[in-house]
Amino acid sequence: MDLTKVVLPTFILEKRSLLEMYADFMAHPDLLLAITAGATPEERVICFVEYYLTAFHEGRKGALAKKPYNPIIGETFHCSWEVPKDRVKPKRTALPSPAGCHEHLMADDLSKSYKLRFVAEQVSHHPPISCFYCECKEKRLCVNTHVWTKSKFMGMSVGVSMIGEGVLRLLEHGEEYVFTLPSAYARSILTIPWVELGGKVSINCAKTGYSATVIFHTKPFYGGKVHRVTAEVKHNPTNTIVCKAHGEWNGTLEFTYSNGETKVIDTTTLPVYPKKIRPLEKQGPMESRNLWQEVTRHLRLGDIDAATEQKRHLEEKQRVEERKRENLHMPWQPKYFIQEGDGWVYFNPLWKAH
């Protein structure tokens with residue numbers, strides 16, 4: 001909604017764009033890159049579920065619910081991460097390398113870290129669709145996601161559905177993991193707002209027959225814990241459950257494997273890798289931080305009126321350009337993503353690269 005219609009206290013605004021917030025899904029890139037090192041399809045799907053369950057807490061830090069800026073059509077966000085190679089370890093039973101791999105490993109170790117690149121773009125205004133793509137060339141791994149956010153008021157809450165899906169591709173194994181995202185709820189919006197996640201999401205790998213169901217549990221009206229999550233990983237051809245998990249998505253998660261082993265991950269102690277972002281003066285006019293810099297500056301100064309004015313100015317410009325395109329019957333052409341069926345894919349993905 002327009003900030004002028006609803007008097008939002010300054011602290012409710014996140015001072016960054018939703019496109020940048022999506023990059024927080026990669027705050028633990030060592031866990032993401034470790035997936036491809038899993039020795040078996042079962043290990044790889046379990047590694048993905050472990051990564052997935054730890055991917056939400058960094059974007060939702062702090063007790064207060066914060067609302068990021070709604071991206072403007074054509075807005076982009078770029079960043080990267082450097083991950084030291086010695087931090088990316090297969091989580092469970094890595095097989096010893098065959099002797100012939102020795103030279104390959106020597107060449108592989110020439111640089112000390114893996115580079116993970118991330119690009120996000122707002123490809124549509126109605127409905128508001130964001131796309132993001134992330135790749136590590138050296139690990140031959142990439143993620144392509146498109147998300148459409150749909151908000152609705154529910155009493156003292158705002159519910160945001162994340163419609164769309166992502167695909168993690170492990171090119172070395174020829175595997176694709178299709179996953180969905182949970183809904184987010186901002187509760188107590190008139191007092192001290194807080195966020196919880198809710199809903200059932202799925203992870204599926206058609207090639208290997210493994211799938212996972214993850215349930216984000218919303219707090220019951222009376223009693224009950226907050227931020228609970230449960231998960232189950234299944235091998236569908238044999239109908240066998242190979243891993244179960246439970247805990248809090250922003251706290252401690254406990255995994256139990258089919259062999260009776262257990263493992264605990266404390267999301268609060270996982271190392272967070274900082275995003276590398278080009279300085280403002282080197283960013284293009286449509287890159288998130290540059291585009292929103294005046295709104296951010298005024299919010300930091302606590303000048304909500306000036307921030308609102310700057311925000312209105314950006315949104316009005318978007319509306320004018322949209323009307324212009326409508327009159328000329330010219331659909332918007334995104335810069336980095338192409339529409340394919342119901343989804344969107346990065347224009348130069350790793351799986352099509354030579």
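Predicted model: local features only at pLDDT ≥ 70, side-chain atom pairs only at ≥ 80, totals over all residues.

**First stop: helix α3**

Select α3 and look at Glu43, Arg44, Val45, Ile46, Cys47, Phe48, Val49, Glu50, Tyr51, Tyr52 and Leu53, which are buried. Buried here means under 20% relative accessible area, exposed means over 50%, and partly exposed is in between (1.4 Å probe, protein chains only). Helices (H or I, at least four residues) and strands (E, at least two) are DSSP runs, numbered from the N terminus. The helix covers residues 41–53, and 11 of its 13 residues are buried, so α3 is largely enclosed by the rest of the structure.

Residues are numbered from 1 along each chain as its sequence is written, and side-chain values use heavy atoms, with hydrogens and water left out.

**Zoom out**

Show the whole protein as a cartoon and you have 7 helices and 17 strands. Of its 354 residues, 48% count as buried. Taking contact as heavy atoms within 4.5 Å, 59% of the contacts between residues at least 6 apart in sequence join residues at least 24 apart.

**Into the core**

Next, select Leu53, Trp81 and Phe118. They touch the most other members of the largest nonpolar core, which has 64 residues. Helix α3 gives the most to this core, with 8 residues. A nonpolar core is a set of buried Ala, Val, Leu, Ile, Met, Phe, Trp, Tyr and Cys residues joined through side-chain atoms within 4.5 Å.

Centre on tryptophan 81 and show what surrounds it. Its contacts, not counting residues up to four places away in sequence, include Ala23, Met26, Pro29, Phe118, Cys134 and Tyr273.

**Ring pairs**

Rings of Phe, Tyr and Trp (its six-membered ring) pair if their centres lie within 6.5 Å; planes under 30 degrees apart count as stacked, over 60 as edge-to-face and the rest as tilted. By this rule there are 19 aromatic pairs. One of them is phenylalanine 25 with phenylalanine 132, a tilted pair at 6.0 Å centre to centre and 40 degrees between the planes. Phenylalanine 25 sits in the loop between α1 and α2 and phenylalanine 132 in strand β5, so the pair ties together parts 107 residues apart in sequence.

Which way do the rings of tyrosine 69 and tryptophan 292 pair? Their centres are 4.5 Å apart and their planes at 25 degrees, so the pair is stacked. Tyrosine 69 is in strand β2 and tryptophan 292 in the loop between α5 and α6, so this pair ties together parts 223 residues apart in sequence. Tyrosine 69 is buried, at 1% relative accessible area, and tryptophan 292 is buried too, at 1%.

**Charged partners**

The whole structure holds 20 salt bridges, each a side-chain nitrogen of Lys or Arg within 4 Å of a carboxyl oxygen of Asp or Glu. Select glutamate 20 and arginine 289: their closest N and O atoms are 2.6 Å apart. This pair links distant parts of the chain, with glutamate 20 in helix α1 and arginine 289 in helix α5, 269 residues apart. Glutamate 20 is buried at 5% relative accessibility, while arginine 289 is partly exposed at 38%.

Then jump to glutamate 316 and arginine 323, a salt bridge whose closest N and O atoms are 3.6 Å apart. Salt bridges that share partners join Glu14, Arg16, Glu20, Asp24, Lys275 and Arg289 into one network.

Select histidine 126 and proline 127, where the peptide bond is cis, with omega near -5 degrees. Proline 127 is in the loop between β4 and β5. Arginine 140, in the loop between β5 and β6, has a positive phi near 50 degrees in a residue other than glycine. Finish at histidine 329, also not a glycine, with a positive phi of about 55 degrees. Histidine 329 lies in the loop between α7 and β16 and counts as exposed at 71% relative accessibility.

Key:
Expected span 1.5 Å × (residues − 1).
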